[in-house]
Amino acid sequence: MNPLRLLWLPFVPFYAFVVAVRNWLFDAQVLRSQKSQTPTICVGNLSVGGSGKTPHVEYLIRLLKNEYKVCTLSRGYGRKSKGYVLAKDVVSSNLLGDEPMQYAQKFPDISVCVDVDRRRAIRNLKTDAPNTELILLDDAFQYRKINAGLNILLTDYFRPYYDDYLLPVGNLRESKQSAKRADIIVVTKCPTILSSIVKDDILENLNPRQNQSVYFSYLKHGQLLHLDGSVCEINKDVFNHFVVLAGIYNPYPLVEHLRDFSKDVKLFQFRDHHEFTKFDLRRVRKHFLDYFCNHKYIVTTEKDLMRLKDSPAFAVISDLPICYVPIEVEFHKDDKGDKNKFDEQVLEFVKKHKK
């Protein structure tokens, strides 16, 4: 934790009080939660960004889209449009948001929409996508106006919510006790090898309720791809230099992945959902051109690429070799050697609640 954030410590009790009162009003049904007639799965977290919601939503899309008509519903953070927007009506992440645009481009056979008012969006879907059989609520754990049928709470292995603090000192949007609303807790971004001793220690700290399931997932980085989707062949036997352009909460897993190909990695990090400017990209371009090396590449994330391509500033670096790295989620096996329990629980929920 940044020591400077301790200066905000006097404000934490006020923030905690406001959040607690709001949650109590929903728990006591003074404020009403609406239950959608269409089965809904919420994917969210307690902290501000960085827990891997996007690849986990994509995992669910892959799991479900062949059997069910799936729709993802997001707030559309960072977009320049207002109200309800359906992906088929737009061609720019500026109007849809980077994450929803990524879903729309990668999975053209699903519906994707955004709206700050998720209840209004669900009403509109009855007209725009009447065959929808399942709605994935992206980053909606705090959106209590909808009572999701299945709540999946994510927490970062390196920044678990039980070791964090409430805003503005820490990164928690609500207290650790709010985790009780989750049906499933997923510890994300784990090492690819995870011992039973470490799992047991995490489980002890999470202290899940009897009705809660806990799973452990890790990120699997794909091949480096050119902007046209073709594979960027990297020769490990020559000296490579990577310039990482990242506007995500935690780019270090990508940096570590690239170090498998080269120890020479330069990171240009910006805040999450950053809108790249010409000044930003000129800095990147200058470093790229000034660095003496024959084999050098600009590498970005799939989510950043959505914003980058739609930015007027992209022309500053568009003539340089740019690659991106797609990521997917894999689940660790449980004590019985089975890694499909998560799939089974999700599929059982959908089958049970589908009309």
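Predicted model: local features only at pLDDT ≥ 70, side-chain atom pairs only at ≥ 80, totals over all residues.
**Group meeting: a histidine, a sheet and a surface patch**

Leaving out neighbours within four places in sequence, H274 is in contact with G247, D280 and R307. H274 sits in the loop that runs between strand β11, residues 265–269, and helix α8, residues 278–290. Is H274 buried or exposed? H274 is buried, because its relative accessible area is 14%, and the cut-off for buried is under 20%.

Next, the sheet. Nine strands make up an open sheet with mixed pairing, and the order is β3-β4-β2-β5-β1-β6-β7-β8-β14. Strands β3 (85–86) and β14 (327–331) are at the edges with a single partner strand each, so one side of each has no neighbour in the sheet. As a reminder, strands of a sheet pair through backbone hydrogen bonds, either parallel or antiparallel.

Helix α2, residues 53–64, lies across several strands, including β1, β6 and β14, and runs at about 75° to β14. Helix α6, residues 196–206, lies across β7 and β8, at about 125° to β8.

Last, the surface. Which residues form a nonpolar patch there? They are F14, F17, V18 and V21, and together they have about 410 Å² of accessible area. F14 belongs to helix α1, residues 12–27. F14 counts as exposed because its relative accessible area is 60%, and exposed means over 50%.

Technical notes. Residues numbered from 1 in each chain as written. Heavy atoms only, no water. Pairing = 2+ DSSP bridges. Helix = DSSP H or I, 4+ residues; strand = E, 2+ residues; numbered from the N terminus. Contact = heavy atoms within 4.5 Å. Axes fitted to C-alpha atoms, helices over the stretch in contact; angles between N-to-C directions. Buried < 20%, exposed > 50% of the residue type's maximum accessible area, 1.4 Å probe, protein only. Patch = residues over 30% accessible without salt bridge, like charges linked within 9 Å, V, L, I, M, F, W, Y side chains within 5 Å. Areas by Shrake-Rupley, 256 points an atom, 1.4 Å probe, with all protein chains shown as cover. Salt bridge = Lys/Arg side-chain N within 4 Å of Asp/Glu carboxyl O.
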